[in-house]
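Subject: Structure handover, salt bridges

Hello,

The structure we discussed is below. My notes on its charged side-chain pairs follow.

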Amino acid sequence: MTRGVLVSIHDVTPAHEDRVRRILDVLESSGVRQLALLVVPRWHGSSDLREAPEFCAGLRDLQARGTEIFLHGLRHDEIGAPRAWHHHLRAFSRTEGEGEFMALSPSEAGARLDEGLAMFRDVGLAPIGFVPPAWLHGRESERLLRERGLDVTESSWSVTDVRTGASRRAPAFCWSTLAAWHEVGGPMVQSARLRVQKNVPLLRVAIHPPDVDSRRVRESQQRVLDALLEYRQVLSYREALATGA
Ligand SMILES: [Zn+2]
C-alpha cells in the first residue's frame, strides 16, 4: 500500500496572513500539491473573516483548486469556556489556553459550530470537517459534527470519518514554539520519529503560523517534509479515509 502524508496549516486567520503566506510558499517550493487549511473565523474574538475580503478570496481560490477547508474553532482561545480541574489535566503540556472546545457543553459547542459555519457560508467557504483547537474535543463532538454535515475530524493520533465513525491512525508531526524547551527538543524528537515511523501507513504534518518565526523549527520542518516526500504521497483527507487503514 502507498504510504501517505497529510499536510495542514493550522490557525489560518487574517491575524496570521503574512505567516500563512510564507508557509504556503515553503510548501509550494517543497512540492506539496495537496493541503488542508484549518481556518478560525474570529481569532481570539477579533480578526473577523468577513472583514478580510482579500484574504477570503485567497482561501476560496485555494478551495477551488482542491485545498480542503476545516473549521477550527470559532475563536480558538478559551475565553468564555472556563476549565474544570480535569480539563487542566487533559490540556497539560498541550496548550496554554487555546483549547476552546474542550470544556464546552454540547449545546454551547453546537452554538459555536453554527456561528462559525454561518460565517464560513458568508465568505464562500465549504468546510469538509472540523478540528478542535489543540485537538481537544468536547463531549459528543462527533454527533454534533454529523448533525451539521461535517464529514471529517481528527485528534492528535488519528483521523476520523464522522459519517461512519471509522478512524485511521495518523500520528502528527507538530512543532511548538510555546516554550524554549519545546523549540529545542522539538526538532530532535521529530528526526527520531522520522526513523521510528518510517513504515506507518499514514502520517500528518501540522504547521502553525508561529513556526515560521523560529529558524530551528523552519529547518526541522524542511528536513521532515523533504524526508517524507521522498517516499510518501501527499493525500487529501478524503483520499486517506477512502483508502482505509
Ligand atoms: Zn489551532
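Which residues are linked in a network of salt bridges? They are D114, E140, R143, E147 and R148. Please keep in mind that this is a predicted model.

The count of salt bridges comes to 19.

R238 belongs to helix α8 (residues 237-243), while D151 sits in the loop between α5 (141-147) and β5 (152-154), so the pair ties together parts that are 87 residues apart in sequence. The two partners also have their accessibility assigned: R238 is partly exposed, with a relative accessible area of 36%, and D151 is buried at 14% relative accessibility.

D161 and R163: here the closest N and O atoms of the salt bridge are 3.1 Å apart. D161 has 10% relative accessibility and counts as buried, because the cut-off for buried is under 20%. R163 has 51% and counts as exposed, because exposed means over 50%.

R33 and E28: their side chains form a salt bridge with an N to O distance of 3.7 Å. Is this pair of side chains buried or exposed? R33 is exposed at 61% relative accessibility, and E28 is exposed at 52%.

Regards

Note on methods. Residues numbered from 1 in each chain as written. Predicted model: local features only at pLDDT ≥ 70, side-chain atom pairs only at ≥ 80, totals over all residues. Heavy atoms only, no water. Salt bridge = Lys/Arg side-chain N within 4 Å of Asp/Glu carboxyl O. Buried < 20%, exposed > 50% of the residue type's maximum accessible area, 1.4 Å probe, protein only. Helix = DSSP H or I, 4+ residues; strand = E, 2+ residues; numbered from the N terminus.
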